[in-house]
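The following exercises ask you to work from geometry to a local description, with each solution set out step by step. Begin by inspecting the sequence and the coordinates.

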Amino acid sequence: MSIIDKAIAAITPPESAEARVKAREKAEATALPGDWLSQILTHHREIEAQFAAVKATNDPASRLAEQKKLGLLLTAHSLAEEAAVYPALAADHQVGHAELAYQEQSAAKMEMGLLERVDPMSQDYIDKLEHIEGAVAHHVYSEEGTWFTKLAESASSEELALVTARYSEEYARYMGSHP
């Protein structure tokens, strides 16, 4: 982790595990079966599990294989959100949230690319991976705790149906199947 990353982390400590659980519960209570939000919640859980899978490896080949799976999940998920959900946030008077979400996901993609350049069995690798995981966890917390629940509660049923269709389509375009 760079000195700047460490300074930012010290100034803005991450939300508590309890706050993350409450945000997830709020989003789960808001989601409808099969809708965009329920799909996103599933993908958030898969991403969290994949971070754990990367860390659980004991050799370079396995770690890199799990890292590739993580990259695939993060990219498919982020592209689907960027194409379907963030425009809906902007249309729902959450332009600032949409812009911040795009920036955070761009940063995560860049950090994943930089991770590829680090010895997978080094402490630097684990530090960078945990930094990315923390940034993703914070991003997820913002989405689940406020941004997406507000969208689900305030957008029209037609808009939400469009978001569901577009999110599914974009995720499948990258992953090759529906969630």
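**Exercise 1.** Determine how far apart Y167 and Y171 lie in helix α7, and how their rings are arranged.

Solution. Y167 and Y171 are four residues apart in helix α7 (residues 157–175), so about one helical turn separates them; helices here are DSSP runs of H or I with at least four residues, numbered from the N terminus. The model is predicted, with local features requiring pLDDT of at least 70 and side-chain atom pairs pLDDT 80 or more, whereas totals for chains, interfaces and linings use all residues. Residues are numbered from 1 along each chain as its sequence is written, and side-chain values use heavy atoms, without hydrogens and water.

Next, take the rings: Phe, Tyr and Trp (its six-membered ring) pair if their centres lie within 6.5 Å, and planes under 30 degrees apart count as stacked, over 60 as edge-to-face and the rest as tilted. With 6.2 Å centre to centre and 15° between the planes, Y167 and Y171 are stacked. Both Y167 and Y171 are buried (under 20% relative accessible area, with exposed over 50% and partly exposed in between, for a 1.4 Å probe and protein chains only).

**Exercise 2.** Classify the aromatic pair formed by W36 and F148, and locate its partners in the chain.

Solution. The structure holds three aromatic pairs. One of them, W36 with F148, is edge-to-face, at 5.5 Å centre to centre and 70° between the planes. This pair links distant parts of the chain, since W36 belongs to helix α3 (residues 36–55) and F148 to helix α6 (residues 123–154), 112 residues apart. Finally, W36 is buried at 1% relative accessible area, and F148 is buried at 0%.

How values were computed:
Helices (H or I, at least four residues) and strands (E, at least two) are DSSP runs, numbered from the N terminus.
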